[in-house]
Amino acid sequence: MSSVSERVDVALIGAGIMSATLGAILRRLEPDATITVVERLDAAAGESSAPWNNAGTGHAGLCELFYTPERPDGSIDTAKAVRVNEQFQVTRQFWAYAVQHGLLERPREFVNPIPHVSFVHGARGVDYLRRRHRALADNPLFAGTEFVTGFDEFAARLPLMAAGRNPDVPVALEWAPHGTDVDFGALTTGLIGFCERQGASVLFGHEVRALARESDGSWALRLVDRGTGENRRLNAKFVFVGAGGATLGLLQRAGVPEVRGFAGFPIGGRFLRCDMPDLVAGHRAKVYGAPAPGAPSTTAPHLDTRTVDGRAALLFGPFAGWSPKFLKDGRNTDLPRSVRADNVASLVRAGIGERDLVAYLVGQLRRTHSARVQALREFLPDARDQQWREIRAGQRVQVIRGGRLDFDTTIVSSADGSIAGLLGASPGASTAVPAMLEVLARCFADRFDDWSPTLEDMVPSLGTRLAEEPALFEQVWAWGTRQLQLEPD
């Protein structure tokens with residue numbers, strides 16, 4: 001087949017939320033830079049960023065109990081919840097800037113206000129949630145969050161969850177009215193569209209088959225059009241790999257030294273979905289419980305109101321699945337091809353040390369539809385099998401390094417800053433903006449100070465811990481709420 005060759009300043013591999021965010025920021029910082037986005041699928045946001053491949057939670061630590069573990073002395077460790085909230089505030093400000101300056105239009109197409117709620121039952125759970133609420137009460141980022149007990153109040157706020165429940169069993173909620181539901185697919189598509197309108201090239205249906213360093217310091221990408229078989233060569237001064245589960249393999253093939261020793265373990269997911277109007281109307285919140293004993297923190301059960309394409313639905317899960325694919329639309333050879341001499345020992349140690357996780361996954365794979373609905377009944381006692389259908393979620397690849405699974409997101413970059421990639425899954429899309437700002441600080445250190453005025457327009461609190469600056473937090477929160485039209489309905 002014929003071959004096309006092109007030189008660009010920036011190549012973004014993968015058209016998900018990370019590449020879309022980085023591309024949009026770079027387009028504002030460097031309007032004349034040549035940018036090309038390469039995506040193996042035929043549209044943006046086809047993998048983890050797709051709206052039904054994730055729960056759409058704007059993760060801010062408001063309701064995720066696994067962000068606030070109990071210490072041995074009974075106190076509550078709030079550090080991760082506060083850190084994630086700080087990161088989400090950065091993301092939220094950039095979204096507000098994007099709407100205000102025309103990068104994005106019609107914010108309600110990608111973000112909607114929804115209460116974020118922590119849910120516990122039983123005396124021990126209620127006691128824990130009360131202590132969690134007290135531990136966060138004085139932090140301005142968690143202002144307005146309510147601690148709710150008593151069955152009548154519980155039923156008034158979450159009638160669908162109260163139906164059929166034993167009123168004698170203690171229940172409690174931590175209710176944050178200012179949470180968000182996010183359609184990351186619509187958001188990603190909007191940001192990619194902005195990049196295209198501003199001159200970026202987007203190559204859909206093209207797969208990166210090789211990635212190698214050239215003698216002049218640039219990176220050569222060999223692409224193949226999956227439809228026609230045509231070869232294309234792309235030379236880029238800077239490469240960002242935001243290809244989800246495919247990121248690890250691309251960085252390995254590129255020979256990036258900083259990724260040596262890293263391995264990946266794929267974990268799939270399933271949700272239960274309900275579109276019945278009468279049930280959807282009875283529940284308007286994202287309600288999170290605690291993870292099951294021995295389960296990864298990212299599998300904490302939650303019952304979510306989702307709004308996609310203007311229509312509301314209910315989602316419950318996640319339920320873990322497994323396949324050797326690193327992408328939902330990947331190949332069964334992905335896992336074995338990722339095994340290298342430098343990471344095999346780490347994989348083996350993780351396999352030995354994570355026996356509880358393996359047992360959990362085996363148990364999840366054995367679950368029938370009825371068993372999954374039975375798990376839902378902890379939230380909805382009256383749930384019936386025929387009201388819910390199963391949908392397949394996106395594929396996560398958890399990072400393994402040093403023989404341990406890492407459930408956070410990890411940025412890997414070369415020493416000279418010419419290539420970077422994002423690995424991991426949690427909290428993922430909600431913290432895309434601070435993650436991409438870190439990429440810029442690492443890889444464009446010589447230009448970052450010059451960019452600071454523009455970056456501060458995008459994120460007015462840049463470099464500030466909002467938890468320590470309540471007046472500034474109130475100011476940027478009010479501005480973001482107006483721009484994103486997030487006044488509660």
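User: How many nonpolar, polar and charged residues does the lining of the second largest pocket have?

Analyst: Rolling a probe the size of a water molecule over the atoms shows where empty space is left. In this predicted model, local features need pLDDT of at least 70 and side-chain atom pairs pLDDT 80 or more, while totals for chains, interfaces and linings use all residues. Residues are numbered from 1 along each chain as its sequence is written, and side-chain values use heavy atoms, without hydrogens and water. The lining of the second largest pocket has 18 nonpolar, 7 polar and 6 charged residues (nonpolar: Ala, Val, Leu, Ile, Met, Phe, Trp, Tyr, Cys and Pro; charged: Asp, Glu, Lys and Arg; polar: the others, Gly among them).

User: Which element gives the most to the lining of the second largest pocket?

Analyst: That element is α3, with 5 residues (helices are DSSP runs of H or I, at least four residues; strands are runs of E, at least two; both are numbered from the N terminus).

User: Which peptide bond is cis?

Analyst: Most residues other than glycine have a negative phi, and most peptide bonds are trans. Here the bond from glycine 317 to proline 318 is cis, with omega near 0 degrees; proline 318 belongs to strand β15.

User: Where is alanine 45 found, and is this residue buried or exposed?

Analyst: Alanine 45 sits in the loop between β2 (35–39) and α2 (79–100), and its phi is positive, near 60 degrees. Alanine 45 is buried, at 10% relative accessible area (buried: under 20%; exposed: over 50%; partly exposed: in between; 1.4 Å probe, protein chains only).
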